[in-house]
Amino acid sequence: MIRRTEKQQKTSSKLLVRPAPGNKSRALLQLGQLTFPAAIGRNGRTIRKREGDGKTPIATMAFLYGFHRGNSTPTFSTSLKMHRIQSTMLWCDAPDHPNYNRLVKAPFKNSHEEMYRSDSLYDVCLVLDWNVTSRRRNLGSAIFMHMIRPGYEPTAGCIAFHPRDMQRILPFLHKGRKIMVL
């Protein structure tokens, strides 16, 4: 019997997001032999992602880096580069702006997502490479992996997990690791 080292297990298992039966805004993340429930876009999944459509892109996306809320965040272990969220941090979702799908600072008049939220959604927020390294207008912005709302309420297109599941998933992530939404 061949035993894989912990390092091999952390880098070889695929992260697959499959639709959950009977609910277009729910999914299951498969990570090796582990399975975690997730919330996805309120309008399900799509291969033709558009800004504001409420859908999660069917795609393979690399993890780029992440954000954490600081004192309100339990200690999570990951080798992803993590930045502490500041109250001035925003994410531009205005397709006609030069900083579309980029982190910007307040004050910012164009359409944006607030990173420093009053809820716990972005206590841990990981940036997926959807339309980030090679941007095109209107193809969608701010596709993150973050915490769930109570009851696994749908997202605007992100992939969301319960904090206990996020804590179990994070050690397996590093820059460039890919997640595949089927």
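## Ground rules and confidence

Residues are numbered from 1 along each chain as its sequence is written. As the model is predicted, local features need pLDDT of at least 70, side-chain atom pairs count only at pLDDT 80 or more, totals for chains, interfaces and linings use all residues, and side-chain values use heavy atoms, with hydrogens and water left out.

The mean pLDDT (the predictor's confidence in each residue, from 0 to 100) is 92 for the protein, and 91% of its residues reach 70 or more. Where pLDDT is low, the predicted coordinates should not be read in detail.

## The two annotated residues

An unreviewed UniProt entry lists H146 and C158 under "active site". UniProt positions follow the numbering used here, feature names are shortened, and annotations may be inferred rather than shown by experiment.

H146 is found in strand β12, residues 144–147. Strands here are DSSP runs (E, at least two residues), numbered from the N terminus. H146 counts as buried because its relative accessibility is 4%; the label "buried" means under 20% relative accessible area, with exposed over 50% and partly exposed in between (1.4 Å probe, protein chains only). Setting aside neighbours within four places in sequence, the contacts of H146 include Y122, C125, C158 and M166.

C158 sits in the loop between β12 and β13, the latter spanning 159–161. C158 is buried too, with a relative accessible area of 6%. Not counting residues up to four places away in sequence, C158 touches A39, I40, G41, T56, A142, I143, F144 and H146.

## A covered strand: β11

Strand β11 takes in residues 124–128, and five of its five residues are buried. In a regular strand the side chains alternate between the two faces of the sheet. Both faces of β11 are covered: V124, L126 and L128 are buried on one side, and C125 and V127 on the other.

Strand β11 has pairing partners, where a pair needs at least two DSSP bridges between the strands. Strand β6 (residues 60–68) pairs with β11 in the antiparallel sense over five bridges, and F67 has C125 as its bridge partner. Strands β11 and β12 are also antiparallel, with three bridges, and V127 is partnered by F144 there.

L128, found in β11, is buried, with a relative accessible area of 0%. Leaving aside neighbours within four places in sequence, L128 is in contact with residues including F63, M145, I159 and I179.

## Cores and cysteines

In soluble globular proteins, nonpolar side chains tend to be buried together. A nonpolar core here is a set of buried Ala, Val, Leu, Ile, Met, Phe, Trp, Tyr and Cys residues joined through side-chain atoms within 4.5 Å. The largest one has 29 residues, of which F63, L126, M145, I159, L173 and I179 touch the most other members. A second, separate core of 14 residues includes F67, L121, V127 and C158.

Note on methods:
Helices (H or I, at least four residues) and strands (E, at least two) are DSSP runs, numbered from the N terminus. Contact means heavy atoms within 4.5 Å.
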